[in-house]
Amino acid sequence: MAGTVDVTTEPELLLERSRAITVHGGDKAGRAVVRIVGKYFPARALGGLAEEALKAHLRKRVLPEVGEREFVVVYMHSLVDRGDNFPGLGAIRAAYECLPAVAKERLRAVYFVHPGIQARLFFATFGRFLFSSGLYEKLRYMSRLEYLWAHMDKGELEVPECARQHDDELERRPLMDYGIEAADRCSVFDAASMDTPASLRSLRCS
């Protein structure tokens, strides 16, 4: 009897081609680095299939490449637009919860690059409701790229142009860090980002 063929769907291919989630060399402790570039995530194109595509990509591409190593995640939030690039908090939570227990244990840190004051306040308020304490406690905010280099060598991680551009903008307009000077885009982490059935279900199930 023939084995089951694991077919790659069109949404999975779209996510793979976007290079939103890739595995890089290693940090200073020798752990694998999973880089997530929020600006690259094709949320609008994936529509309601974002969650399943994300879970499949982690299972078929990311975890096999990481293997049995410990790993860290570098999430670059630079210039993310809620309508174009954000899959929704429900999809993010579901993707994390679908990871095998051993993979959750091997995840040592999540470096959130360019979070902004709204993201910090959002996760301070809702983080423990949306995610397990195991993940929430691994979250590390990096307001500038320079702080990331304390944990990994520059040559081990490809930094996208959107992150460099936003870093330069923050240097010119430092009050953006505190929400005093607004960025030229809507924040993903405001009240409207919670106004979705998936997010509300996530809170009720916590």
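## Surroundings of G127

Not counting residues up to four places away in sequence, G127 touches F122 and Y136. In this predicted model, G127 is placed in helix α7. The relative accessible area of G127 is 0%, which means that G127 is buried. G127 and L139 are twelve residues apart in sequence, and their C-alpha atoms are 9.9 Å apart in space.

## Overall composition

The chain contains eleven helices and five strands. Of its 206 residues, 47% are buried. Among contacts between residues at least 6 apart in sequence, 77% join residues at least 24 apart.

## Nonpolar cores

The largest nonpolar core has 34 residues, and V34, F41, V62, V66, F71 and L107 touch the most other members. At least two residues of this core come from each of β1 (21–24), β2, α2 (43–46), α3 (50–66), β3, α5 (89–97), β4 and α7. Helix α3 gives the most to this core, namely six residues.

The surroundings of F41 may be described in detail. Leaving aside neighbours within four places in sequence, F41 is in contact with L15, A20, L46, A50, L54, D84, N85 and P87.

## Aromatic pairs

A pair of aromatic rings is described by the distance of the centres and the angle of the planes. The structure holds five such aromatic pairs. In the pair formed by Y75 and F112, the ring centres are 5.1 Å apart and the planes stand at 85°, so the arrangement is edge-to-face. This pair links distant parts of the chain: Y75 belongs to strand β3 and F112 to strand β4 (residues 107–113), and the two residues are 37 residues apart. Both Y75 and F112 are buried.

F112 also pairs with F123. Their ring centres are 6.0 Å apart and their planes are at 75°, so this pair is edge-to-face. Because F112 lies in strand β4 and F123 in helix α7 (residues 116–130), the pair ties together parts that are eleven residues apart in sequence. F112 and F123 are both buried. Ring pairs link Y75, F112, F122, F123, F126 and Y141 into a cluster; F122 is one of the residues that G127 touches.

A charged side chain is placed over another ring. K104 lies over the face of Y96, at 5.1 Å from the ring centre.

## Helix α10

Helix α10 consists of twelve residues (residues 161–172), so at 1.5 Å a residue it should span 16 Å; the end C-alpha atoms are 17 Å apart, which agrees. The buried residues of this helix are C162, A163, H166, D167, E169 and L170. These residues cover an arc of only 160° around the axis, and therefore lie on the same side of α10. In general, an α-helix has 3.6 residues a turn, so residues three or four places apart point the same way.

On the other side of α10, E161 and R172 are exposed. The cover over the buried residues of α10 includes β2 (32–37), β3 (71–76) and α9 (145–148).

## Residues with positive phi

Most residues other than glycine have a negative phi. R19, although not a glycine, has a positive phi of about 60°. R19 is located in the loop between α1 (10–18) and β1. With a relative accessible area of 42%, R19 is partly exposed.

H114 is a residue other than glycine with a positive phi, near 60°. H114 is found in the loop between β4 and α7, the elements that hold F112 and F123 respectively. The relative accessibility of H114 is 3%; because buried means under 20%, H114 counts as buried.

Key:
Residues numbered from 1 in each chain as written. Predicted model: local features only at pLDDT ≥ 70, side-chain atom pairs only at ≥ 80, totals over all residues. Heavy atoms only, no water. Helix = DSSP H or I, 4+ residues; strand = E, 2+ residues; numbered from the N terminus. Expected span 1.5 Å × (residues − 1). Buried < 20%, exposed > 50% of the residue type's maximum accessible area, 1.4 Å probe, protein only. Arc of directions from axis to C-beta. Contact = heavy atoms within 4.5 Å. Phe/Tyr/Trp six-rings, centres within 6.5 Å; stacked < 30°, edge-to-face > 60°. Lys NZ or Arg CZ within 6 Å of the ring centre and 35° of its normal. Core = buried A, V, L, I, M, F, W, Y, C linked by side-chain atoms within 4.5 Å.
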